[in-house]
Amino acid sequence: ERARDYLHKTGRFIVIGGIVSPVHDSYGKTGLVSSRHRLTMCQLAVQASDWIRVDPWECYQDTWQTTCSVLEHHRDLMKVSEVPPGTGASGVARASSPPQQG
């Protein structure tokens, strides 16, 4: 919230959303709580926010993803949710779902 407020105050940025993306379990950091638990904690932390969301995509991948690939994923979601200017509609990117167990 503070970061968004600061960026707005500079007059140079308009923050339209925030994304929390918990890292995959194979990231390798010692003592890292399981992604399932971190995902739940993140969801609880932002449940009252009207502008921050949690995307589980990174947790559900087969292995750790580079920061670049995670950012590309979010960029692609935003491209899918784009709405032509002047339509009065608002696009909302959908959060990814866990892979289907087969």
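Predicted model: local features only at pLDDT ≥ 70, side-chain atom pairs only at ≥ 80, totals over all residues.
Student: Which side chain meets that of Arg4 in a salt bridge?
Tutor: Side chains of opposite charge can pair when their charged atoms come close. A salt bridge here is a side-chain nitrogen of Lys or Arg within 4 Å of a carboxyl oxygen of Asp or Glu. For Arg4, the distance from N to O is 3.2 Å, and the partner is Glu1.

Student: Before we go on, what kind of model is this?
Tutor: Residues are numbered from 1 along each chain as its sequence is written, and side-chain values use heavy atoms, with hydrogens and water left out.

Student: In what order do the elements run from the N terminus?
Tutor: Helices (H or I, at least four residues) and strands (E, at least two) are DSSP runs, numbered from the N terminus. The chain has four helices and two strands. Their order is α-β-α-β-α-α.

Student: Which element has the lowest mean pLDDT?
Tutor: Over the chain, the mean pLDDT is 83, and 79% of the residues reach 70 or more. Among the elements, α2 has the highest mean, 96. The lowest, 91, belongs to residues 67-80, helix α4.

Student: Let's return to charged pairs: which residue does Arg38 bridge to, and is Arg38 buried or exposed?
Tutor: The closest N and O atoms of Arg38 and Asp25 are 3.2 Å apart, forming a salt bridge. This pair links distant parts of the chain, 13 residues apart: Arg38 sits in helix α2, and Asp25 in the loop between β1 and α2. Buried means under 20% relative accessible area, exposed over 50%, and partly exposed in between (1.4 Å probe, protein chains only). Asp25, at 43%, is partly exposed, while Arg38, at 11%, is buried.

Student: Which residue forms a salt bridge with Arg53?
Tutor: Arg53 counts as partly exposed at 23% relative accessibility. With the closest N and O atoms 3.5 Å apart, the partner is Asp55.

Student: What is the area of the nonpolar surface patch made by Tyr27, Leu32 and Trp64?
Tutor: Patches are made of residues with over 30% relative accessible area and no salt bridge, joining like charges within 9 Å and nonpolar side chains (Val, Leu, Ile, Met, Phe, Trp, Tyr) within 5 Å. Tyr27 lies in the loop between β1 (18-20) and α2 (35-46), and is partly exposed at 46%. Accessible areas come from the Shrake-Rupley method with a 1.4 Å probe, where for residues only the protein chains shown count as cover. For this patch the area is about 280 Å².

Notes:
pLDDT = per-residue confidence, 0-100.
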